Amino acid sequence: MKPLSSPKIPPPTDAPGPRKQSICTPSQSTSNANAFSILMSSHKENEAWKEASIAEDPSFKPTKSNGGRRKAPFYKVMQGMPIAVDAFRYGSIPGVEAYFLTHAHSDHYTNLSSNWKTGPIYCSEGTANLIVHMLQVDRKWVHPLPLDVATIIPNSGGVRVTPIEANHCPGSCLFLFEGPQTINAGDSTFNSPYVGSSRVFRYLHCGDFRASPQHVLHPAVKGKRIDCVYLDTTYLDPKYCFPPQPQVISACAELAKRIVMAPSVAIGDSKAPGMSGWFTRKEKPKDEKEPANEKVLVVVGTYSIGKERIVKAIASALKTKVYCDARKAAILRCQDDTELHALLTTDPFEAGVHVVPLAVITSDRLKTYLEKFKGKFSKAVGFRPTGWTYTAPSGSDTLPSLPQLISRTQALAPFTHTSLRPQRASTPTLQLYGVPYSEHSSFFELTCFALSLECGRIIATVNVGNEKSRGKMGKWFEKWETEKKKRKEAGEGAVRHRQPDYW
Ligand SMILES: [Zn+2]
């Protein structure tokens, strides 16, 4: 995964001494940047990306001549600081004293193992437990950090870091780095002109996150100018317009309750594909009464870490226990979540909610799974949480203006249990539901986040493998910048949020 940054970089004007090649300049108004300097910056920008592409070459083989290690692309090292984030695949990065991990998903900890001896790893308490348990990383390298508190990073030249809950998977966090630039660490040939200056830089690394008003209202972030935001742009495309996560969680819990309490009630129209019923309501009439011993098992598909909220909400609504295999249970026990731990049981027959790998939520595999619990459960409802389920109605306008996008999205009817439709493969005994449950920001949320944050430069960290896609994403960054200026001129501040946890 390669990142992308906002394309126009204003030149630094308060650089100490002669200006060297810079790829992460502090934010300033572009109005005082002449066309030539922007061109220069864009050129350097492209050069930096080329360098990054070479560094990420999938055919790379470690040899003596290349130093036996893959070079770290510029965006893995915080400019001017001896700090790397989610950069374990590059071995010992020159000048780096502190290796940060945003969360315990494999694409972020690539190569981290029991053999790690390169340097101290900083992460949240939950992530620390997970990497020690799953990867057998030696505890002596792992330094858990408290959330919401600024901690001075040793040997960093005085950089402070504040971890902030990312709203992604358990243990995930954003890192807010604040401090001076003291070293051109990393493999990039692009050096910062600010190394050695007294200027304090502020970088917000988002890792993977689902943007929420709580991020921009966080006391460590609110009202502060962020020089550079490393943005999780997984869904930076207007076609990704799934509903707020809290609404989706409540909808699943309510639907599960209705099905389990009255298993003969079929909700929705099984012919409706995907989430096209988001805006309509249909309920089938009750069928004939079923025998009282008809028990429904709720099965939720998850990855190794993530989607726990949906499981907890369903189990709480059904007042039942949660079962998963021993491997998964051990991972869940790494998390700092007493509510979840209290729900767990090792007896599958005692639990009305089972957690299984995502791939089990297909009609064939779910049927086989249900047979194992014959006598106790005769029906199953499978939830398949994914960020990809929502399909926009055909002919819908996927490219509205940003103000239109915000007003339309905020005017949408709430997502409820009637919005969930069984998938085509569902049968009277097996009902499958795709759920637009995402642990990454929707396009709308990314927009609200960007418009509500005082930030100079954005570097995307996902979905930018080639120049064309980088250009496409860069266009949105430009639109956000323009819209932000308009909002400022109109006296509008941050985007109004509907609830404390969503815009
Ligand atoms: Zn992740």
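**Close-up 1. Packing of helix α5 against helix α6 in the predicted model**. Helix α5 (residues 245-261) and helix α6 (residues 308-318) pack with their axes 9 Å apart and at an angle of about 40 degrees, the axes being lines fitted to C-alpha atoms over the stretch in contact, with angles running from 0 to 180 degrees between N-to-C directions. That angle makes α5 oblique to α6 (under 35 degrees counts as roughly parallel, over 145 as roughly antiparallel, 65 to 115 as roughly perpendicular and the rest as oblique). Helices are DSSP runs of H or I with at least four residues and strands are runs of E with at least two, numbered from the N terminus. The contact (heavy atoms within 4.5 Å) is made by Q245, I249, C252, A253, A256, K257 and V260 of α5 together with R309, I310, A313, I314, A317 and L318 of α6. By class, this contact has ten nonpolar, one polar and two charged residues, where Ala, Val, Leu, Ile, Met, Phe, Trp, Tyr, Cys and Pro count as nonpolar, Asp, Glu, Lys and Arg as charged, and the others, Gly among them, as polar.

**Close-up 2. The site of the zinc ion**. The protein donors, H103 (NE2), H105 (ND1), H168 (NE2) and D208 (OD), lie 2.1 to 2.3 Å from the zinc ion; donors are N, O and S atoms within 2.8 Å of the metal (3.2 Å for Na, K and Ca), and sites may look incomplete because water is not among the atoms. Along the chain, the donors follow the spacing H-x1-H-x62-H-x39-D. H103, in the loop between β3 (98-100) and α2 (106-109), and D208, in the loop between β9 (200-205) and α4 (213-216), are 105 residues apart and link distant parts of the chain.

**Close-up 3. Helix α11 between its contacts with α10 and α12**. The axes of helix α10 (residues 402-411) and helix α11 (residues 443-452) come within 10 Å and cross at roughly 120 degrees, which makes α10 oblique to α11. L402, L405, I406, T409 and Q410 of α10 meet F443, F444, T447 and L451 of α11 in this contact, which has six nonpolar, three polar and no charged residues. With helix α12 (residues 467-489), α11 packs at an angle of about 50 degrees, the axes being 9 Å apart. Here F443, L446, T447, A450 and L451 of α11 contact W476, W480, E483, K484 and R487 of α12.

**Notes to the views.** Residues are numbered from 1 along each chain as its sequence is written, and side-chain values use heavy atoms, with hydrogens and water left out. In this predicted model, local features need pLDDT of at least 70 and side-chain atom pairs count only at pLDDT 80 or more, whereas totals for chains, interfaces and linings use all residues.
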